[in-house]
Every structure is written in structure tokens, then in C-alpha cells.
Amino acid sequence: MFLILGIAAVVLFLLYIYGTSNFDHWEKRGVIYEKPIPYFGNFMPVYLQQISSAEFFQNLYRKYPNEKYVGMFLATKPTLVIRDPELIKNILSTDFYHFYSRAILPHRTVIEPVLRNLFFAEGDLWRLLRQRMTPAFTTSKLKAMFPLIVSTAEKLQGLAADAARTGAEVDVRDLMARFTTDFIGIVGFGVEGDAINDENSIFRQMGKRIFTITKTDALRNMAKMMFPNLFKDLKFFVPMIEDNIMAIMKSVMKDRNFKPSGRNDFIDLLMDLKQKGKISVESIEHRNEDGTAARAELELDDFIMVGQLFLFFAAGFETSSSATSFTLHQLAFHPEAQRRCHEEIDEVLSLYDNKLCYDAITEMKYLEMCFKEGMRIFPSLGFLKRRCEKAYKVPDSDLVIEKDVNIIIPVQALQNDEKHFEEPENFIPERFHPDNVTFHKYAYLPFGLGPRACIGERLGHMQSLAGLAALLSNFSLEPSKNSLRHPISNPTATVTQSILNGLPLKLVERKKNL
Ligand code: HEM
Ligand SMILES: *[C@@H]1O[C@H](CO)[C@@H](O)[C@H](O)[C@H]1NC(C)=O
Ligand SMILES: *[C@@H]1O[C@H](CO)[C@@H](O)[C@H](O)[C@H]1NC(C)=O
């Protein structure tokens with residue numbers, strides 16, 4: 001009996017030691033930090049889905065107004081939350097080669113096929129993919145896609161018109177998600193998805209599932225963070241996602257006889273890359289024995305292709321629809337700004353035969369300012385993450401950030417700090433007028449910055465402005481009975497932020513005297 005109790009005590013003690021072994025990390029280095037609890041570190045409220053990660057980091061940021069950085073623990077991993085835009089600049093850009101990993105997953109080698117993509121990949125795999133994917137996002141490719149944006153935007157107007165006629169509340173979050181889902185279906189996969197008209201289309205179903213974090217998902221993620229080695233093989237996403245994307249990809253490729261079709265969509269691009277065979281870049285992870293950089297190689301297979309398609313799909317629709325719907329919400333509550341958008345859109349379109357096109361969108365400067373201001377108040381990604389890969393001495397300080405330490409850039413917090421933006425709680429598009437932009441470049445990060453910034457920034461930007469212009473050109477927006485002046489952030493959100501219960505608004509058809 002005593003023996004069993006004795007063994008139990010030893011086991012508990014060892015478990016305790018294991019769960020707290022890193023917890024003197026910040027104390028030893030003289031960094032101000034939040035006291036952790038075993039295994040959970042400081043992240044218990046997030047694991048329990050009481051608060052979103054972005055809000056958690058925002059609270060921490062606000063608690064230490066005079067620090068350049070604050071220590072904490074993500075599960076058992078020492079993590080540094082950076083408050084100072086100058087240091088953020090070093091991490092994201094100047095000293096990028098100390099911080100090239102995003103570290104959403106706790107282990108270095110990504111196994112799950114849909115996650116072997118540009119967003120989740122680390123090290124050499126990331127570098128190979130980034131180099132290969134960059135040509136897909138040039139201005140000329142973007143212009144070539146634009147007619148597809150316009151035809152999707154027209155379908156959006158049609159759906160909105162039906163809603164306006166019934167006078168019912170419209171969840172603009174859902175409305176914009178259907179628009180961006182269809183757009184990414186057509187430019188990504190070459191498939192007319194029809195999420196706009198069909199709530200149950202396969203693309204819409206996948207889209208909803210990817211960004212719904214169930215209790216089981218949350219539990220699995222927590223287990224992976226706490227015990228990375230034990231739960232290495234646990235997948236993040238349900239098999240339905242990977243299976244569907246694989247099936248759609250294969251059927252589209254077969255229709256094209258496994259050769260690029262000239263449609264310039266992502267499937268074409270990937271088939272094109274596959275034909276080129278093995279690709280190789282200078283390694284960022286390894287050096288040869290003589291000190292020269294080693295080479296890293298990759299051959300595209302079906303799984304790598306599925307991973308990229310998954311990412312373009314997920315990254316392409318969710319971020320833009322979140323940003324545009326939040327902007328619409330603000331405009332509904334700011335009739336004066338909305339009036340200026342209406343005027344500008346009418347004026348610009350009248351110069352282009354009343355048709356949306358690439359050039360027309362680039363002239364809608366006030367609309368763009370509104371969009372930037374919407375993303376300031378509620379950025380689609382509320383924080384950025386990096387992992388230190390090579391020990392880094394912080395300039396003008398004694399602190400050395402050790403290898404493996406997680407870095408958090410609290411975007412939502414920075415963008416809503418009065419130190420960087422006066423009256424941060426107010427929607428003031430004019431602050432983004434070129435004459436007025438005085439904030440630190442690294443205090444405004446809706447797309448990130450540096451070599452790992454958003455590769456789809458311009459595509460996301462143009463798609464968003466086109467959606468906004470299409471909607472605003474035909475409709476006015478007003479708060480409806482369920483609109484909240486200050487919408488509530490969804491506590492279950494992880495990488496991307498979302499709003500609890502959507503963004504209901506009233507759409508009113510505009511009477512234009514053209
Ligand atoms: C309004 C729309 C969008 C927003 C706000 C947005 C935001 C972001 C942010 C904040 C990051 C992380 C940057 C960092 O860590 O420094 C990111 C990365 C990324 N985004 Fe976007 N994004 C948008 C649209 C898109 C679109 C349309 C695509 C592609 C179809 C895309 C593909 C990616 C990829 C591949 C990465 C990872 C890049 C890398 O690690 O090298 N995004 N995005
Ligand atoms: C949008 O407005 C334009 C110009 O007033 C009009 O021609 C078009 O039919 C409208 N679209 C929809 C779907 O109501
Ligand atoms: C700059 O900002 C101020 C205050 O928000 C505003 O009154 C002014 O119109 C802005 N300037 C421009 C050119 O938009």
C-alpha cells in the first residue's frame with residue numbers, strides 16, 4: 001500500500017517537474033512575465049475557449065504599458081510578446097533569418113498533408129514553396145483574374161438584391177464569405193462553386209468546417225501543444241477537408257488531361273510547377289561541412305499540391321470576408337463615411353461605363369481608406385507568430401532570445417493602442433489619407449510584413465475592394481434590430497479572428513439618378 005502511494009507520489013512529482021521545467025526561463029533572464037501554471041502555462045483561458053488568442057494577447061499587452069516585451073508561457077513553451085514596433089521590425093524583417101518559422105504547430109516537421117503548405121511550412125520547405133508560388137501573385141496575373149472577380153461580384157449584387165427586397169436582416173459576414181468562397185473556387189480551382197446561391201455547396205461546407213473550432217478540435221490542439229511528441233500524429237483537420245480537396249483537384253486535373261489549360265488559376269500553376277520537376281533552393285536550415293550553404297530540394301506530388309490548394313482556399317476566403325464585412329458594419333454606423341463612399345463609387349464608375357474593372361477599383365481611394373481602417377480596428381489575424389531558430393541578442397539590451405522561444409506580435413493590440421492611433425476606438429478613415437499617415441510602419445500589420453508577409457495581399461486587397469464596391473454601388477447599409485454597435489469577438493477563434501453570431505445589417509436598394 002505504502003509502496004503504491006510512494007510510486008504515485010514520485011510519478012506525480014515527476015509529472016509536475018516535467019510540466020514546469022521551463023518555468024524559470026524569464027525569471028532567470030530578468031524579463032517581466034506572467035506567472036504560469038503547470039502544463040497550461042498562461043493559456044488556460046484560451047484552451048477552455050473563454051477568450052480568443054488575439055484578445056488574450058491584447059489584455060497582456062495592455063497590462064504592461066511600459067515594457068518593450070513581456071514573457072509568458074504557451075503551454076510549457078517560453079513565449080515573448082513584443083510591444084515595441086522597432087523590435088518587431090527586427091524580428092519580421094531586418095533579422096528575419098533568426099525568426100523564419102511561424103510555429104503554429106509545436107513540431108518542426110509538418111506531416112499532415114493539407115498543412116504542408118506555405119502558411120504552416122517551416123524552414124526549407126517554406127522557402128521552396130514561397131519561391132515557387134510567388135510568380136502566381138504578380139500584377140499581370142492579378143489583372144488576368146479580374147474578370148472573374150467582377151462576374152462573382154455581380155452574382156453578389158443579385159443575392160443582395162433579393163435580400164434587400166424582402167427587407168429582412170442580412171448577415172453580411174455570411175454574405176461576403178459566400179462571395180469570397182465562390183471567387184476562390186473559380187480562381188483557385190476553376191470550379192463554379194455557387195456558394196452564393198447554395199448554402200450547402202461543397203466549398204461553403206468546407207469553408208465553414210475549417211474555421212469552426214469544435215470542443216474536440218480545441219482539446220486536440222491543446223494536447224498537441226502540451227505534449228508535442230506524444231500527439232505528433234494527431235491531425236488538426238477532419239479527413240473530410242483533405243479528401244474533398246484531393247477529389248476536386250483530381251477531377252479538374254483529369255478534365256485538363258493533366259496539363260495546364262491556360263486559365264491561369266492555381267491548379268494550372270501547380271501543374272505547371274509539377275512539370276518542371278525537382279526544384280531546389282539554398283538551404284536556410286543547413287550548412288555543408290565547409291561552411292557553404294547546402295541545397296534543399298523538393299518534388300511536387302499530389303499531396304503537396306493539395307496542401308497549397310487547401311491554403312489558397314482557406315486563406316483566400318476567410319480573411320477577406322472577415323475584413324470586408326467588418327468594414328460594411330462600420331459604414332452602416334457611419335453614414336457620413338458611407339455617403340462619401342457612395343459618391344466616390346458613382347463618380348469613378350461613371351468614368352468606366354458603369355462597369356467594375358481593375359483600374360476603376362484602384363481609383364477608389366476613399367473606399368480603400370475605409371477598408372484599411374476596418375482592418376485596423378479588427379484585423380483578420382489578431383496576432384502574428386514566429387519561433388526563434390537561432391539565438392538572438394536584442395539590440396540595446398542584455399536579453400538573448402534563445403532558440404525555440406515563441407514570438408508573438410500582438411497586432412490587434414498595437415493597432416488599437418492610442419500610442420500609435422489617436423482615438424483608437426473610433427472609425428476614422430481619414431487617418432489613412434497619405435498626408436495623415438504618421439504611425440510606425442510596424443504598428444499596422446493587417447497583412448504582416450517582411451519575407452513571411454501575406455503572399456496574397458494584393459489579391460486579397462483587390463478582391464475585397466471589388467466586393468465592397470459592388471455592394472455599395474447598389475445598396476445602402478443601415479444597422480438593423482440585432483446589430484451590435486460593438487460586435488463581440490468569438491472566443492473560440494484561433495489563428496483568424498471572427499465575430500460571434502455574425503454581423504446582421506439592413507440592406508436598402510439605392511435610388512441612383514444617373
Ligand atoms: C484581406 C485579405 C487577407 C488578409 C488580411 C491576409 C492576412 C495575412 C496575414 C496577417 C498573414 C501572416 C503574415 C505574417 O505572419 O507576417 C498572411 C499570410 C499568408 N496569406 Fe494572407 N491575407 C489575406 C488574403 C490572402 C489571399 C487572397 C491569399 C492567397 C490566395 C493569401 C495567402 C497567404 C499565404 C500563402 C500566407 C503565408 C505566407 C508565408 O508564410 O510565406 N492571403 N495573410
Ligand atoms: C445594380 O445597379 C445597376 C446600376 O444602377 C443596375 O443596372 C443593376 O441592375 C443593379 N444590379 C442588381 C443586381 O440589382
Ligand atoms: C487628416 O485627419 C484629420 C483628422 O482626422 C482630418 O480632419 C483631415 O481631413 C485629414 N486629412 C485628409 C487629407 O484627409
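Start with helix 13, which gives the shell around ligand 1 its largest share, six residues. The model is predicted, so read each stop below as a computed result.

**Stop 1: ligand 1**

Select ligand 1 and show its surroundings. The shell holds 26 residues. Pick out the closest: Arg 102, Trp 126, Arg 130, Arg 386 and Cys 454.

Now colour by secondary structure. Which elements each supply at least two residues of this shell? They are helix 6 (123–133), helix 13 (302–333) and strand 6 (384–387). Helix 13 contributes six residues.

Next, look for the oxygen atoms of ligand 1. One is 2.7 Å from an N or O atom in the side chain of Trp 126. Move to Arg 130: a polar atom of its side chain lies 2.7 Å from an oxygen atom of the ligand. Then select Arg 452. An N or O atom of its side chain is 2.8 Å from an oxygen atom of ligand 1.

The shell around ligand 1 divides into 15 nonpolar, seven polar and four charged residues.

**Stop 2: helix 11 against helix 13**

Show side chains at the contact. From helix 11, select Ile 241, Glu 242, Ile 245, Met 246, Met 249, Lys 250 and Met 253. They meet Asp 302, Phe 303, Met 305, Val 306, Leu 309 and Phe 310 of helix 13. How many of the contact residues are nonpolar, polar and charged? The count is ten nonpolar, no polar and three charged.

**Stop 3: Phe 258**

Follow the chain out of helix 11. Check its backbone: phi is positive, about 60°, although Phe 258 is not a glycine.

**Stop 4: Asp 404**

Jump to the loop between strand 8 (400–401) and strand 9 (406–409), and select Asp 404 there. What is the phi of Asp 404? It is positive, about 85°, and again the residue is not a glycine.

**Stop 5: helix 14 against helix 18**

Select residues 335–351 for helix 14 and residues 457–474 for helix 18. The two pack at an angle of about 100°, and their axes are 9 Å apart. That makes helix 14 roughly perpendicular to helix 18.

Show the contact residues. Helix 14 brings Gln 338, Cys 341, His 342, Ile 345 and Leu 349. Helix 18 brings Ala 469, Leu 472 and Ser 473. By class, this contact has five nonpolar, three polar and no charged residues.

**Stop 6: ligand 2**

Stay with helix 18 and go to residue 474, where its range ends. Asn 474 is one of the residues around ligand 2; the others are Gln 157, Gly 158 and Lys 512. Zoom in on Asn 474. An N or O atom of its side chain is 2.6 Å from an oxygen atom of ligand 2.

The shell has no nonpolar, three polar and one charged residues.

**Stop 7: ligand 3**

Finish at ligand 3. Ile 428, Glu 430, His 433 and Asn 436 surround it. Which side chain has an N or O atom 2.3 Å from an oxygen atom of ligand 3? Select Asn 436 to see that pair.

Keep the surface on. The protein covers 44% of the 360 Å² of accessible area that ligand 3 has on its own. Its shell divides into one nonpolar, two polar and one charged residues.

Key: Residues numbered from 1 in each chain as written. Chains lettered and ligands numbered in written order. Predicted model: local features only at pLDDT ≥ 70, side-chain atom pairs only at ≥ 80, totals over all residues. Heavy atoms only, no water. Axes fitted to C-alpha atoms, helices over the stretch in contact; angles between N-to-C directions. Helix = DSSP H or I, 4+ residues; strand = E, 2+ residues; numbered from the N terminus. Parallel < 35°, antiparallel > 145°, perpendicular 65-115°, else oblique. Contact = heavy atoms within 4.5 Å. Nonpolar A, V, L, I, M, F, W, Y, C, P; charged D, E, K, R; others polar. Near = heavy atom within 4 Å. Polar contact = N/O pair within 3.5 Å; in protein donor to acceptor, adjacent residues only side chain to side chain. Areas by Shrake-Rupley, 256 points an atom, 1.4 Å probe, with all protein chains shown as cover.
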